[in-house]
Amino acid sequence: MDGHAGRRVLDTILASKRAEIAALLAAPPPRMIRAPSGGVFEALRRPEGAALRLLAEVKLRSPSAGALSSALRPAERARRYGEAGATMISVLVDEPFFGGSYGDLAACRDALDAAFGAARPKLLCKEFILDPIQLAMAAAHGADAALLIARITSAEDLARLADAARDLGLEPFVEVATEEELAAAERARARVVGVNARDLDTLAMDPARAERVLTRADRGAARVHLSGLASPSDVARIAHGPADAALVGEALMRQDDPGPLLAAMVARAAG
């Protein structure tokens, strides 16, 4: 891929999103299936001396990685993640590019409620959110938090979406990549900030930049390292840095049974 490949993919996704939003706005309002439970910030914030919290992802495919494992249904995969020690589970709900759906989110919530009750892992709705109707869909289908990507909105729209999320009982989980985006997240009063080691425009990985931005984030926030972790040793490395939590995505999604790899990562999360 050339240096602009990521931007072209992102622009295509956002054009698709705008068409989806128009359809959602024309449909009846979503019916609440499971209400958000709260406590996301507290679950992700890492007390001094505690282990790094791990987030695991449900994602059937991606534009960069192609098809990933479909051996487990999303709900069963979420349950395996919970059994292996995930603090939060991120569920991709985009269908055209990632193979997900809001139905997957609801199924994961039902499975986690049944398996863990009130002690279940938190659920993050991962979507390219441009409009409050998408937040309403996330809340209605069982999410506790919703991803807001600073790269795809103005600072003013990011703040409005964060407020709309809080009004619905969702924790805004703001993804940034640069110091400028971090400033926008902080103006939006984000308590959970994820720093993506992958640049969405170029798709290049830059873990040094991610660590720098994480270090500059408000220490009162829950700081989450996003992208690029593939092994228990990667987790141990991040555990020695400024992050409170880290997301593991494609490495787990390449596993037909992700439990052993995630359990090994959890075991190294203390550093």
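Good morning. The structure is a predicted model, in which local features need pLDDT of at least 70 and side-chain atom pairs count only at pLDDT 80 or more, while totals for chains, interfaces and linings use all residues. Residues are numbered from 1 along each chain as its sequence is written, and side-chain values use heavy atoms, with hydrogens and water left out.

I begin with the barrel. Eight strands form a closed barrel with parallel pairing, in the order β1-β4-β5-β6-β7-β8-β9-β10. Strands here are DSSP runs (E, at least two residues), as helices are (H or I, at least four), both numbered from the N terminus. Two strands pair if DSSP finds at least two bridges between them. From one strand to the next, the twist averages 25°.

Let us take β1 as an example. It pairs in the parallel sense with β10 over 4 bridges, and L54 has A246 of β10 as its bridge partner. β1 also pairs with β4 (residues 88–92), again parallel and over 4 bridges; there, A56 stands opposite I89. Of the 6 residues of β1, 5 are buried, where buried means under 20% relative accessible area, exposed over 50%, and partly exposed in between (1.4 Å probe, protein chains only). Strand β10 (residues 245–248) is joined to β9 (residues 222–226) by 2 bridges, and V224 has A245 as its partner in β10.

Next, the helices. Helix α7 (residues 179–187) packs against helix α8 (residues 207–216) at an angle of about 35°, with the axes 10 Å apart. Axes are lines fitted to C-alpha atoms, for helices over the stretch in contact, and angles run from 0 to 180 degrees between N-to-C directions. E179, L182 and E186 of α7 meet R212, V213 and R216 of α8, contact meaning heavy atoms within 4.5 Å.

Finally, two loop residues. By contrast, A50, in the loop between α2 (40–44) and β1 (53–58), is partly exposed, at 22%.
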